Amino acid sequence: MKKCDSNTNPNPKSLFEDVMEIIKHISMLLSIGSGKPLVMKHPTGTIYQNSFAPADLNSVELGSEEDGMIKLPPYSAIASYVSNYQRVIAQIFMPRPNASSVMNSSIVLERNTKALTQFNISDPNATVIFSAKPNVNVSLVLFLSYGSPPNSTYYSNTTILSSSGNYRWILPSKMFQGTPGVWYINVGPFNSSWKPGLTLQIASFMTKCMYWDTKSEVWSTHGCRVGNKTTPDLTQCLCNHLTLFGSSFFVMPNYVDLSCTAELFATVTENFVVLALLCAFFGLYLIMLLGACYADRRASSKRKMTLLEDNHACAQYNYLISVQTGHRKNAGTSSNVTVRLIGTEGESETHTLTDPDKPVFERGSVDMFLLANPFPLGDLRNLRLQHDNCGGHPSWYINKVTIQDLQTRQVWHFLCDCWLSTDHGDGMTKRTFSAARSNEIASFRNIFQTRTSTGFRDEHIWVSIVDPPSRSPFTRAQRVSCCMSLLLCTMAINIAFWNIPEDQASPVLFSMGSMEITWQEIMVGIECGLLMFPINILIITIFRSIKPRVPSKTKKRSDEESFKVQAVTIPSILKETEEMLFLVSKSQRNKISELHRLESSSDLFPALDRVHDLIQLMQGECESDHHWVYCSKFILCCLSHLLLCLDKLNKSFASPDEYQQALNTTNVLVRKAEMVYTSHMTYCPPPVRRKKTSAGCWLPWWCVFVGWFLLLSISGVSTFFTLLYGFQYGKQKSIKWVISLGLSLFQSIFILQPLKVIGVAVVFALLLKPVAVEETEEIDQVLSGKKMIRKVRAQRHITV
């Protein structure tokens, strides 16, 4: 028998795979004739090749039981099948040196008691080998059932074991009827043959036989079954055809006897290592949970979207401004920040970005403001930011500003990344930024930075506890609880698969220096990943996808009271009229010349004449667009409010005739403005709304209870099995496991997860997929609040 030197040859192993494939095809075409077998060995398998005359196939053997043997039956049994090569009975032995040992359990049976064993069937083609050897010569009766323990009336299969059958039961795959899940075997004495001191040694393992189907090019179990001579180290396959064979051995986690739970927990005084570790983790979890709840309460007050107080009540073209402060040291500012939008069709007035109910522009924060303008500004070109350099820390590092037109959903990005400070950068506190072009938004640098920041603050579950996204529905308390559940689940899986004997025959898939990754390690990693799916994917996805419940508006009464105290005077009417003309003059299309300050009631009439000229201009426009719709709507709202004020002010004018003239002129302008607005509204084409982007499917708010139920359930089960395995291992092995667990957690938190975040950021950057603008229903609430304010403002003088 010849053997190739695959273990000592310096050539790469892939070369042997190619050589083996060539030799296999050549040997099929050539007749060896010498009767000497050709053996080709490789870490992935062994091929035996020889040619015989049909009469020489009598009980022929290829190989040996040590290296792997193929033994054919006597020629008389296969003579009728050899001539046409259609059906041959074969015995194939495939050794598994250094295979994992099977965990045995020893159970003492008392009178009228039975031993219950459970195992999980995940592969519908697997065969289970079950043995129950008593210490005395008695017969045993076994019952098999699915889902729940069997009894005398509920079972799917039964058998009787005796010494003649070596107390062994082979359960082929068809006995499980292709049903994966938990199966139970009940073992007890047959016909009351119990004897005092009866002890059972119970062992079980899974295996299966597969062959390479050359037609479909897949591994198949058709025509093969597991033989009676199968052991944990050796699989006997009985097949009705000749081909290339292989076997699969499913190694279950370390065995633990659930029936001995009370006995194992009673050893807590001797082995408290795992219990102490869990108590320390739970204590740390409670401390972090209290801190997370406090931080969530503070963050909820800062999450509010701000309706700018200096918005004109009649301005109804809305822009959503999202300002992102950088994460650099001392990036937040105490200064008063102002903003001005500049577009192709005009510019807005200067607005102060402030909120009386919460601090703004803190380090790493994302503040959202609703700015209202009388008319659309067209395509935004520039953004002008400025602060007054006041307060204890006036310096401000602005990262990015995103502006969204709420009517058309069009979005503009302003990539700032600079200081507005007298102490940092170029010393300027006023800057004008240009809107980013498409290539700048989709650049690798921008997408990579955005995705990396978002990944560490949201997707890295451990780091996100410290600084989660400000507007994420996934709270800190939920993140801390998910981390704890993830830790407990990791501990349970780690301790269940810990210290499994290494399979020396497992092929090495990757090698770099002294580091090697074997197929066995890959399979254990896959099994652990599948067991981690509920906590790592399902629960976190539920918390991340729950639709946030927007709090109701609570300031309605205070807003109404603040408006009622204001009185109507000639100066207030002049100021509002001057403000109306000033705002519409910001657009060149309105053709409003420079306006002088209105100081007396006589100045009101020239101002109304300018309003009449603007109405005439809008009436003469034959083509309607959104500019004229919103301008006419703004003028109509302002004139209606002006008319309401004049109705309540009849003694402040120089003469009754002057008052009546102002009242009549305003009344006529209101009617004309209403006609112009109705005309433009009727013929104006609907706005071209861009497709609304969405981060995914939102779950109803009550799904949070489902997430908490799953989280608590998995945490409880993981804690139970971690303690059970820890008590079974003993004190010394538990200490070694704790050390390996620490190294595993360090690798996962500080190496694997950061690499995953960076890898995802690189992939998205290479695919040039920018981060979508966040959509929130809080916009609708803010807009409804804005309508309420306008309504109260229109009626504020009735009670004066």
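Predicted model: local features only at pLDDT ≥ 70, side-chain atom pairs only at ≥ 80, totals over all residues.

Q: Which residues of helix 12 and helix 13 meet?

A: L608, V611, L614, I615, L617 and M618 in helix 12 meet W628, C631, S632, I635, L639 and L642 in helix 13. Contact here means heavy atoms within 4.5 Å. Residues are numbered from 1 along each chain as its sequence is written, and side-chain values use heavy atoms, leaving out hydrogens and water.

Q: What makes residues of the contact of helix 12 with helix 13 nonpolar, polar or charged?

A: Ala, Val, Leu, Ile, Met, Phe, Trp, Tyr, Cys and Pro count as nonpolar; Asp, Glu, Lys and Arg as charged; the others, Gly among them, as polar.

Q: Why are helix 11 and helix 13 called roughly antiparallel?

A: Their axes cross at roughly 170 degrees and come within 11 Å. Angles over 145 degrees count as roughly antiparallel (under 35 is roughly parallel, 65 to 115 roughly perpendicular, the rest oblique). So helix 11 and helix 13 get the roughly antiparallel label.

Q: Which residues of helix 11 make the contact with helix 13?

A: On the helix 11 side, you'll find I573, E576, T577, M580, L583 and V584. Their partners in helix 13 include F634, I635, C638 and L639. By class, the contact has 11 nonpolar, two polar and one charged residues.

Q: Why does N311 count as buried?

A: Buried means under 20% relative accessible area, with exposed over 50% and partly exposed in between (1.4 Å probe, protein chains only). N311 has 13% relative accessibility, so N311 counts as buried. This residue sits in the loop between strand 18 (306–307) and strand 19 (317–325). N311 touches H351, L370, L371 and A372, not counting residues up to four places away in sequence.

Q: How do you know that strand 7 and strand 12 pair?

A: Two strands pair if DSSP finds at least two bridges between them. Seven bridges join strand 7 to strand 12, so this is a pair, and the two run antiparallel. For instance, N120 has V182 in strand 12 as its bridge partner.

Q: What makes strand 7 and strand 10 edge strands?

A: The open sheet has four strands in the order 7-12-9-10, with antiparallel pairing. Strand 7 (115–121) and strand 10 (157–161) each pair on one side only, and that makes them the edges.

Technical notes
Axes fitted to C-alpha atoms, helices over the stretch in contact; angles between N-to-C directions.
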